[in-house]
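Have a look at the model first, then read on.

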Amino acid sequence: MKHFLRMLIQVCLYFYCKFLWRCLKFVMRKLTGRCELQRICYNTKPGASRTMKIETSLRGSKSKLLQTSVTVHLDAIEKTIEDIMELKKINPDINPQLGISLQACLLQIVGYRNLIADVEKLRREPYDSDNSQHEEMLLKLWKFLKPNTPLASRISKQWCEIGFQGDDPKTDFRGMGLLGLYNLQYFAERDATAAQQVLSDSLHPKCSKFSKTEWEQKRMDKAIGYSFAIVGINITDLAYNLLAI
């Protein structure tokens, strides 16, 4: 019985989405004199909520023009908006704000998709020790985090001091690829004071300059005793998954 009811609900939802929703939009257009895009732009405040509603509306349209408008190149957005206004028979002189609102939404939608593509490209690019740019980034990470401690050699136990698992950090970037290294270097370079403080907090008490009493006091207010680099890569993984949702 439960299986039958589930199927019945799914069938009802299908017919609602396929037919009734389109009928409702038609009725609303006749009653308000505005298409769905106009109603969203005029009734929803600027921001993520409006942009998401606009994207859903465009993707769910029967028109190929509207469906593909969310994937156009940034340079083609203005022309795309003109085509949408013409398709929907909206006079831009009477509705000047609509074009501005649609442009803002499309810039966010397309920009977000491009951001995801760029991030994914970095994530898929493996760390290559034969690539001079990759090696330069890795060595810069050491210099930013340990400015007063020279690195003895490229393959060294010293990497463990900043939270890598072994002598060669390249093996720790497998999950996030070059994206993990980019984020670690960005943090270490752009906010060096905070990065070095976080690194200091991550060190085991044996590697710290604090006395036992100071360390116990420090333990009460700050998270300590973790691998700086590995945790940084895991945070990159978390941010990546949140971005892709």
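Helix H7 covers residues 132-145, and its 14 residues should span 20 Å at 1.5 Å a residue; the end C-alpha atoms are 20 Å apart, so the two agree. (The expected span is 1.5 Å times one less than the number of residues; helices are DSSP runs of H or I, at least four residues, numbered from the N terminus.) This is a predicted model: local features need pLDDT of at least 70, side-chain atom pairs count only at pLDDT 80 or more, and totals for chains, interfaces and linings use all residues. Residues are numbered from 1 along each chain as its sequence is written, and side-chain values use heavy atoms, with hydrogens and water left out.

- His134, Glu135, Met137, Leu138, Leu141, Trp142 and Leu145 are buried in H7 (under 20% relative accessible area, with exposed being over 50% and partly exposed in between; 1.4 Å probe, protein chains only).

**What H7 packs against**
- The buried residues of H7 pack against helices H8 (177-190), H9 (192-202) and H11 (228-244); contact means heavy atoms within 4.5 Å.

**Lys146**
- Lys146 lies in the loop between H7 and H8.
- Lys146 counts as buried because its relative accessibility is 19%.
- Leaving aside residues up to four places away in sequence, Lys146 touches Glu161, Ile162 and Leu199.

Methods: Helix = DSSP H or I, 4+ residues; strand = E, 2+ residues; numbered from the N terminus.
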